[in-house]
Amino acid sequence: MFGLKSNVKENLHLLEDGSHVYPAGHTVVIVSSDGKTHRFIPGSPECEGISAIMLSPNKKLLAVAERAEKAVVSVYDMQTLKRRKQLVAADVGSRVSVQCC
């Protein structure tokens, strides 16, 4: 896993098909079980880095917490990799860290 960020909470998740999900820089990487296919979820333009990722218990949704001027947690559909929800807390700057629970 090239670029795995060890300072990110819950930094490695396994999917049911054997793929694994991890943060690398400002991007979330999904690697197939054979390592031949990579898919990417880029961070938002304002993102200073990913502070946490969390996969839902049914492995259908992925929450990505980003460090930025405004705290941002984006929720992605793991089938389409499209963002389904974005939670923004302008009053809680997240330069230190936002953690997914």
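Contact, as used in these legends, means heavy atoms within 4.5 Å. The model is predicted, so local features need pLDDT of at least 70 and side-chain atom pairs count only at pLDDT 80 or more, whereas totals for chains, interfaces and linings use all residues. Residues are numbered from 1 along each chain as its sequence is written, and side-chain values use heavy atoms, with hydrogens and water left out.

**View 1. Surroundings of Leu-62 in the nonpolar core.** Leaving aside residues up to four places away in sequence, Leu-62 touches Val-21, Val-28, Ile-41, Ile-53, Met-54, Leu-55, Ser-74, Val-75, Tyr-76 and Met-78. Leu-62 is also, with Val-21 and Val-28, among the residues with the most contacts inside the largest nonpolar core, which has 13 residues; such a core is a set of buried Ala, Val, Leu, Ile, Met, Phe, Trp, Tyr and Cys residues joined through side-chain atoms within 4.5 Å, where buried means under 20% relative accessible area with a 1.4 Å probe, protein chains only. Strands β3 (27-31), β5 (49-55) and β6 each supply at least two residues of this core, and β5 gives the most, with three.

**View 2. The open sheet of four strands.** Its order is β1-β2-β3-β4, with antiparallel pairing; strands are DSSP runs (E, at least two residues) numbered from the N terminus, and two of them pair if DSSP finds at least two bridges between them. The edge strands, each pairing on one side only, are β1 (13-14) and β4 (38-42). Two bridges join β1 to β2 (residues 20-24) in the antiparallel sense, and His-13 stands opposite Val-21 in β2.

**View 3. Ala-63 in strand β6.** Ala-63 is found in β6 (residues 61-67) and is buried, because its relative accessible area is 17%. The C-alpha atoms of Ala-63 and Gln-86 are separated by 9.3 Å, and these residues lie 23 residues apart along the chain.

How values were computed:
Buried < 20%, exposed > 50% of the residue type's maximum accessible area, 1.4 Å probe, protein only.
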